[in-house]
Amino acid sequence: MTCLFDVRPADAPLIATLFEQSFVEAFGHLYAPEDLAAFLATKTQADFAREIGDPTFHFQLASRDADPVGFVKLGPPDFPVETPPATIELRQLYVLDRATGQGFGARLMDWATAAARATGAEHLQLSVYIDNHRARCFYERRGFTAIASYKFMVGNHADEDLIMRLAL
């Protein structure tokens, strides 16, 4: 059974583990080991715990039969672009490989959109790796449009990411 759960401060180690595992599964092959390690070192349990305790961040955990398989995180906008008032950023949406294609991403995205609206946001924005065609199509089907690109740093490696926005 698929379930979504609110994230509590005690879940920070789990969220950190889900983040690292899903990021490495999806993108680890793109980077030199030292760049990947440097990037992952910036996403610590303590960082996730701080964000979970911050009322400007919103998390949701996806689970299948008590097996955590993904999460989504919303937070204040932090992109190097002009951002309209009442905008919230989808900071992370990750699902483990073993659960990809089973609707978890869609359920998390539905929750994120509803949660963004519940905060009073009028826009939801995110970034996506330009060569992640599956994710780009997923967001485009949901109405997101590309508004800019920027360099997303993984260690010393610069990826080109698209910033996409949705009017809520």
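## How α1 crosses α3

Helix α1 passes helix α3 in a right-handed crossing, a label given when the near helix is turned clockwise from the far one by less than a right angle. Both belong to a predicted model, where local features need pLDDT of at least 70, side-chain atom pairs count only at pLDDT 80 or more, and totals for chains, interfaces and linings use all residues. Residues are numbered from 1 along each chain as its sequence is written, and side-chain values use heavy atoms, with hydrogens and water left out.

The axes of α1 (residues 12-27) and α3 (residues 45-52) come within 8 Å and cross at roughly 120°. Here an axis is a line fitted to C-alpha atoms, for helices over the stretch in contact, with angles running from 0 to 180 degrees between N-to-C directions. Helices are DSSP runs of H or I with at least four residues, strands are runs of E with at least two, and both are numbered from the N terminus. The two helices are therefore oblique to each other, the class left once angles under 35 degrees (roughly parallel), over 145 (roughly antiparallel) and 65 to 115 (roughly perpendicular) are set aside.

On the α1 side, A12, P13, I15, A16 and F19 meet Q45, F48, A49 and I52 of α3; contact means heavy atoms within 4.5 Å. The residues of this contact divide into eight nonpolar, one polar and no charged, where Ala, Val, Leu, Ile, Met, Phe, Trp, Tyr, Cys and Pro count as nonpolar, Asp, Glu, Lys and Arg as charged, and the others, Gly among them, as polar.

## Two nonpolar cores

A nonpolar core joins buried Ala, Val, Leu, Ile, Met, Phe, Trp, Tyr and Cys residues through side-chain atoms within 4.5 Å. Buried means under 20% relative accessible area, exposed over 50%, and partly exposed in between (1.4 Å probe, protein chains only). The largest core has 26 residues, of which L74, L90, L93, M109, L124, Y139 and F144 touch the most other members. Its largest share, six residues, comes from α4.

Leaving aside residues up to four places away in sequence, M109 touches L90, L93, L124, F138, Y139, R142 and F144. A second, separate core of 22 residues includes V7, L18, Y31 and Y94.

## Two positive phi values

Where do we find D65? D65 lies in the loop between β2 (58-64) and β3. Its phi is near 50°, positive in a residue other than glycine, and D65 is exposed, at 57% relative accessible area.

A86, in the loop between β3 and β4, also is not a glycine and has a positive phi of about 60°. With 34% relative accessibility, A86 counts as partly exposed.
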